[in-house]
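Subject: Structure handover

Hello,

Here is the structure I promised to pass on. Please open it and keep it beside you as you read.

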Amino acid sequence: MTTPDQASRRIIFVTHAQVEIDPLRPVPDWPLNQLGRSRHETFSRSPLLAAVTSVYCSDERKARDGAAIHAAHLGLEPKVVCSLGENDRSATGYLPSAEFEAMADTFFAHPDQRVRGWESARAAQARIVAAVRTLAELDAATGDILIVSHGAVGTLLRCACLGRPISRSEDQPAGGGSYFVIQLPGWTTDPDWRTI
């Protein structure tokens, strides 16, 4: 396995792909569905991941599922980091699609508010940025870092890396399963999401 020079180390931040939606099960317990698993399987073979030496994920089932697929292909063990989780939406739990989308719009439009008890976008951004920076500082390997996490916090992390205001216009494409690459040590990234 090749490892890049430390100056060119990268973080590959991947959002989980499609999940099995079950209104009777807590959202953090939703697994990837067949399409979601297939998309992660395909992405595992991408040359982009050839220099990955560490895999991290949130403690939510869908992120763990995706990380396990990538880690198995790379011969690594994924590490679970709770602070990589999605913005806390437990105050509402499952919401039907139209209601969820309206809530997500409000979440991004009012980043300093805890809309209906959701973690605010500003707080979630501070958490995900701190979590990813800490991983980069403490990770003992010298290769690239793969993180499997979630769409909203991924968007907030991208906004921070790009120096842009929090906005839903920065959100990943519908369907999830997107990624962006952070170049270290400058914490720069491309302006657009890519799909797995």
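A cavity is a set of grid points where a 1.4 Å probe fits but cannot get out. Keep that in mind for the next part. One more caution: this is a predicted model.

**The cavity**

How many cavities of 30 Å³ or more does a search of the whole structure find? The search finds one. The largest cavity holds about 30 Å³ of space. Its lining is made up of Phe-180, Val-181, Thr-189, Asp-190, Asp-192 and Arg-194. By type, that lining splits into two nonpolar residues, one polar and three charged.

**The pocket**

Now turn to the largest pocket. About 1,100 Å³ of space lies in it. A total of 39 residues line the largest pocket. Nearest its centre are His-16, Trp-30, Arg-89, Phe-100 and Glu-101. Which helix gives the largest share of the lining? Helix H3 does, with six residues. H3 and helix H5 (151–162) each supply at least two residues of this lining. Sorted by type, the lining of the largest pocket has 18 nonpolar, 13 polar and eight charged residues.

**Salt bridges**

Side chains of opposite charge can pair when their charged atoms come close. There are 15 salt bridges in the structure.

Start with Asp-139 and Arg-9. They form a salt bridge, and their closest N and O atoms are 2.3 Å apart. Asp-139 sits in the loop between H4 and strand S4 (144–149), and Arg-9 sits in the segment before S1, so the pair ties together parts that are 130 residues apart in sequence. Are these two buried or exposed? Asp-139 has a relative accessible area of 9%, so it counts as buried. Arg-9 is buried too, at 2% relative accessibility.

Next, take Arg-116 and Glu-99. This salt bridge has its closest N and O atoms 2.9 Å apart. The pair links distant parts of the chain, 17 residues apart: Arg-116 is in the loop between H3 and H4, and Glu-99 is in helix H3. Arg-116 is partly exposed, at 45% relative accessibility. Glu-99 is partly exposed as well, at 33%.

Asp-112 has a relative accessible area of 57%, so it is exposed. Arg-122 is partly exposed, with 38%.

Look at Ser-120 first. It lies in the loop between helix H3 (97–109) and helix H4 (121–138). Ser-120 is buried, because its relative accessible area is 8% and buried means under 20%. Its side chain has a polar atom 3.1 Å from the backbone nitrogen of Ala-123. Leaving aside residues up to four places away in sequence, Ser-120 touches Phe-107, Pro-111, Asp-112, Gln-113 and Arg-114.

Arg-25 comes next. You will find it in the loop between strand S1 (10–15) and helix H1 (34–44). Arg-25 is partly exposed, with a relative accessible area of 32%. A polar atom of its side chain lies 3.4 Å from the backbone oxygen of Asp-29. Arg-25 touches Trp-30 and Pro-31, again not counting residues up to four places away in sequence. How far apart in space are Arg-25 and Thr-188? The two are 38 Å apart, C-alpha to C-alpha, and 163 residues apart in sequence.

Finish with Ala-140. This residue is in the loop between H4 and S4. Ala-140 counts as exposed, because its relative accessibility is 78% and exposed means over 50%. Ala-140 and Tyr-56 are 84 residues apart along the chain, and 13 Å separates their C-alpha atoms.

Best wishes

Conventions: Residues numbered from 1 in each chain as written. Predicted model: local features only at pLDDT ≥ 70, side-chain atom pairs only at ≥ 80, totals over all residues. Heavy atoms only, no water. Helix = DSSP H or I, 4+ residues; strand = E, 2+ residues; numbered from the N terminus. Buried < 20%, exposed > 50% of the residue type's maximum accessible area, 1.4 Å probe, protein only. Polar contact = N/O pair within 3.5 Å; in protein donor to acceptor, adjacent residues only side chain to side chain. Contact = heavy atoms within 4.5 Å. 1 Å grid on protein atoms, 1.4 Å probe; cavity = no way out; pocket = protein on both sides within 12 Å on 5 of 7 lines; lining within 4 Å. Points joined across faces, edges and corners; volume = space filled by probe spheres on them. Nonpolar A, V, L, I, M, F, W, Y, C, P; charged D, E, K, R; others polar. Salt bridge = Lys/Arg side-chain N within 4 Å of Asp/Glu carboxyl O.
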